[in-house]
Amino acid sequence: MTTDDSDRPGTPDPAVVLRAGDTRLTVRPDEGARISSLLIDGTELLRQGERFGSFVMAPWCGRTREGRFRNGALTHRLPVAEGQQHAMHGTVRGRPWRTLRAGERTATFSRAIGGDGPEGDAWPYAGLVTQTVELAEDGGGVTLTLGVETEGVSFPAQAGWHPWFSRRLTPEGPGVELDFTAGWQEERGADHLPTGQRIAPLPGPWDDCFGMPEGVAVTLTWPGQLELKVTSRTEWVVIYDEVAEAVCVEPQSGPPDGLNTTPHLVTPIEPLEISTVWTWRRLP
């Protein structure tokens, strides 16, 4: 493990670099424990620039309708960014996290949610989000694990990842091809949220949620260059490929607006836990 900044008190935790085989993976605790770079034999798989890397979504994923959700008899309001209709992607992205431990191939990070004070956010319940990143010993894959815990009061939550995979690995290289088989597609309304109806999967382009009851399994192939498989035991994945520079394959614990439709109740004895595995291989 190496870092690229000083570890002075009062400064954000420095970037953590994990290495195994020909793989070099960088995590930025100061940017929401975002995976900012995934280099495989010198080739960058994640988009760089304004929308970059792979960020954590918690304690909700994607859009929450008009920033409102219920917990029993209580109705809560979440922040909605200017120009947006819905609350987007949780509260932990872009915020500083703590590095709990880091080794050559594995690191764990945490971020408090809820609470008051300058480090508080608009989430109404105090809790903790953790992410563990573990490279395979041979550098041929990475396992990402998220946990959401409460400090006492039970609350509904979601968790997942939003990776920006580069559409092309080299400027003149082939565009990425997606392959997956879904049990259904969540019908998308004009407000970009599921209508509650399940339909047969439609051809892309997509900004859509798919159900995979046997577990998420999506293959990204850059012909003649590299194959990457994204798997997870969860049954939900959002596919977004409406921009020219990248495609997103987002395993998550529930569909968009899931706080209202398919919430996972986080209790003092039952946290929310979700993991995804990315594996890759060079192609001839």
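**Entry 1: Arg281 and its partner.** I began with Arg281, which counts as partly exposed at 44% relative accessibility. I then looked for a partner and found that Arg281 forms a salt bridge with Glu227, with N and O 3.0 Å apart. The two residues belong to distant parts of the chain: Glu227 sits in strand β23 (residues 226-232) and Arg281 in strand β27 (residues 272-282), 54 residues apart. Glu227 has a relative accessible area of 15% and is buried. I noted that this model is predicted.

Entry 2: I asked why Glu227 counts as buried. Its relative accessible area is 15%, and buried means under 20%, so Glu227 falls in that class.

**Entry 3: Asp257 and Arg65.** I next looked up the salt bridge between Asp257 and Arg65, where the N to O distance is 3.7 Å. This pair also links distant parts of the chain, for Asp257 lies in the loop between β25 (246-252) and α1 (258-261), and Arg65 in the loop between β7 (63-64) and β8 (68-71), 192 residues apart. Asp257 is buried at 5% relative accessibility, whereas Arg65 is partly exposed at 32%. I also recorded that Arg65, Asp257 and Asp191 are linked in a network of salt bridges.

**Entry 4: Asp30 and Arg28.** I found a salt bridge between Asp30 and Arg28, whose closest N and O atoms are 2.8 Å apart. Asp30 is partly exposed, with a relative accessible area of 25%, and Arg28 is partly exposed at 26%.

**Entry 5: Charges in the whole chain.** How many salt bridges does the count give? I recorded ten salt bridges. As a general point, side chains of opposite charge can pair when their charged atoms come close. The chain carries 26 positive and 39 negative side chains, and the centres of these two sets are 2 Å apart.

**Entry 6: The chain as a whole.** I listed one helix and 27 strands. The radius of gyration is 18 Å, close to the 19 Å that the globule rule gives for 284 residues, so the chain is as compact as a globular protein of that length. Its C-alpha atoms fill a box of roughly 60 × 55 × 35 Å along the principal axes. Buried residues account for 52% of the 284 residues. Of the contacts with a separation of 6 or more, 61% join residues 24 or more positions apart. The chain exposes about 12,900 Å², of which carbon and sulfur atoms supply 47%.

Terms used. Residues are numbered from 1 along each chain as its sequence is written. This is a predicted model: local features need pLDDT of at least 70, side-chain atom pairs count only at pLDDT 80 or more; totals for chains, interfaces and linings use all residues. Side-chain values use heavy atoms; hydrogens and water are left out. A salt bridge is a side-chain nitrogen of Lys or Arg within 4 Å of a carboxyl oxygen of Asp or Glu. Buried means under 20% relative accessible area, exposed over 50%, partly exposed in between (1.4 Å probe, protein chains only). Helices (H or I, at least four residues) and strands (E, at least two) are DSSP runs, numbered from the N terminus. The radius of gyration is taken over C-alpha atoms; the globule rule is 2.2 Å times the number of residues to the power 0.38. Contact means heavy atoms within 4.5 Å. Accessible areas come from the Shrake-Rupley method with a 1.4 Å probe; for residues, only the protein chains shown count as cover. Lys and Arg count as positive and Asp and Glu as negative; His and the chain ends are not counted. The place of a charge is taken as NZ of Lys, CZ of Arg, CG of Asp or CD of Glu.
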